[in-house]
Amino acid sequence: MTTKLLQFVNIKKEMPKKRGSSLRLKDFNEIYNDFNKLEGKKQAGRCSQCGIPFCQVHCPLQNNIPDWLKLAAENRLEEAYEVSHSTNNFPEICGSICPQDRLCEGNCVIEKGFESVTIGRVEKHITDTAWKKGWIKPLNPPKEIDKSIGIIGSGPAGLAAAEELRKKGYKIEVYDRYDRPGGLLIYGIPNFKLEKYAVERRTQILKKGGIVFHNNFEVGNTKSFDFLRKKHNAILIATGVYKARELDFSEENLTGVVPALDFLITSNKKGLGDNVPEFDNGELNSTDKNVVVIGGGDTAMDCVRTAVRQNAKSVTCLYRRNRENMPGSMREVFHAEEEGIHFSWLSVPTKFRGVNGHVNIDVAKVALGESDASGRMIPKTLLNKTHTLKADLIIKALGFNPENIPKMFDEPKLKVTNWGTLKIDHNTMMTSEPGVFAAGDIVRGASLVVWAIKDGRDAAESIHKYLIKC
Ligand code: FAD
Ligand code: SF4
Ligand code: SF4
């Protein structure tokens, strides 16, 4: 039976059912249920099959959205999966965590009079069905190529490149300093946004397809970068950005003031069943504490929502701009509000003071001035308007800078930009060193999973072009 398309006039936009906040705060599970077969089909059928699909233009992977929506509306989900996977290595992951409001859905043309098509969740529904039905198989390259590529970093950029290159028949070895592959997909992003089994089943199937993973392998420590260069025909650096940005006042190393990623990694490890002493001894755990998170991006939202699930006594988000000028996804702010987080807008910390096992934060109010180049209003601290906030745990979520890769890899010839990211030729993705390529956050600065996948795919293509000439 065929399903009519262009149903946006008759059928309302629906997301899959979301669990109520009181229920979802009891665990770390994904907050949305999945679409069932009928719901997925109906939502896909809302697409008007535009001649110029702006959804596709604004998807970093240029996913062929109208085609897989049409196939889904016709219940041809196996074909829909093939189309979707041909441009995106991890569609179910992007379907869950892309900020669709800023990308595909925010540019869906029917959004102007009706609400957009639910692109992300249909994308996830298609791929989840493919997993359930066993349509996703390990790679089986048509021929083996006697050249090997070493990939440093197993986040989305490294994994996407690994898959694309293995498809062509190269020998792939992926090195990561953590004990599990996945990068921020496994240890940064909380389970309630992206369930860890979804990352693990992807890395498992890549292993079955012949990709070799070396975990607990820190390049520059376990072995030198030079060792890897001699071992492989080409190298991809996909190490992400991890150096936490600091506040602009001295913090005197107070107990109870921690960087966001330490907090999130600990929580994710605990969720994965690991023995995590820093969690169990209370150091990186918000249970029964008054928690203050400083920052207004997606990482800050992940921290506040993790803290409230760990049964914090109170959770406050301190942010120097207002709601309208937040850098993160509005959807995540909305979820945090639903979950009872208190937002203290237009507020900055100016000093931390340790008092009887707590930390007192001096907080100043902020006035917003002119807009900066990104369109967000510039904050100005009002030092005559201050108050004190009492906290047991302060989590700093102010963003990330790149580590010094040339120093870490003892490779001073690797050039960096003024921001410390690796400098590449954007046509070839090659760094200043021949045969050494780079992709993902270490090139762009802190960005998004979908851009890391795009970069990983582009780097794979460039590495292939380079190796066929060698
Ligand atoms: P990463 O995912 O950071 O992976 C890099 C890997 O390199 C890591 O596993 C690291 O261990 C390894 N590595 C580093 N140095 C070495 C070394 N010397 N030797 C060996 N291995 C090394 N994006 C979204 O699209 N949606 C979201 O909802 C979202 N939420 C986020 C939440 C948080 C808390 C954070 C921090 C980021 C979030 N992002 C989100 C951004 C997204 O996770 C990143 O843009 C993306 O993961 C970058 O991919 P990558 O492959 O470049 O690097
Ligand atoms: Fe939208 Fe992200 Fe999927 Fe592209 S990858 S269609 S931006 S959800
Ligand atoms: Fe369909 Fe919206 Fe894309 Fe048009 S812009 S093709 S309606 S999803």
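At what angle do the axes of helix H14 and helix H15 cross? Point 2 takes this up.

1. Basis. This is a predicted model, in which local features need pLDDT of at least 70, side-chain atom pairs count only at pLDDT 80 or more, and totals for chains, interfaces and linings use all residues. Residues are numbered from 1 along each chain as its sequence is written, chains are lettered from A and ligands numbered from 1 in the order written, and side-chain values use heavy atoms, with hydrogens and water left out.

2. H14 and H15. Helix H14 covers residues 298-309 and helix H15 residues 330-338; their axes come within 10 Å and cross at roughly 20 degrees. That makes the two helices roughly parallel (angles under 35 degrees). The crossing is left-handed. Helices here are DSSP runs (H or I, at least four residues). Axes are lines fitted to C-alpha atoms over the stretch in contact, with angles from 0 to 180 degrees between N-to-C directions.

3. Residues at that crossing. From H14 come Asp298, Met301, Val304 and Arg305; they meet Glu332, Val333, His335 and Ala336 of H15. Four of the contact residues are nonpolar, one is polar and three are charged. Contact means heavy atoms within 4.5 Å.

4. H12 and H14. H14 also pairs with helix H12 (residues 260-271): the axes come within 10 Å and cross at roughly 50 degrees. These two helices are therefore oblique to each other. Their crossing is left-handed. H12 brings Ala260, Phe263, Leu264 and Ser267, which meet Thr299, Asp302, Cys303, Thr306 and Ala307 in H14. This contact has five nonpolar, three polar and one charged residues.

5. Domains. The protein chain is divided into domain 1 (7-133), domain 2 (148-241 + 402-469) and domain 3 (247-396). The bounds come from an automatic or database domain assignment. The centres of domain 2 and domain 3, taken over C-alpha atoms, are 30 Å apart. Across that boundary, 14 residues of domain 2 are in contact with 12 residues of domain 3.

6. Ligand 2. 13 residues surround ligand 2, and the closest are Cys59, Asn63, Cys98, Cys104 and Glu123. Surrounding residues have a heavy atom within 4 Å. The shell holds nine nonpolar residues, three polar and one charged.

7. Ligand 3. Its surroundings include Cys47, Ser48, Cys50, Pro53 and Cys55, along with Cys108 and Val109. The shell around ligand 3 has 10 nonpolar residues, one polar and no charged. Cys and Pro count as nonpolar in this scheme.

How values were computed. Angles under 35 degrees count as roughly parallel, over 145 as roughly antiparallel, 65 to 115 as roughly perpendicular and the rest as oblique. A crossing is left-handed if the near helix is turned anticlockwise from the far one by less than a right angle, and right-handed if clockwise.
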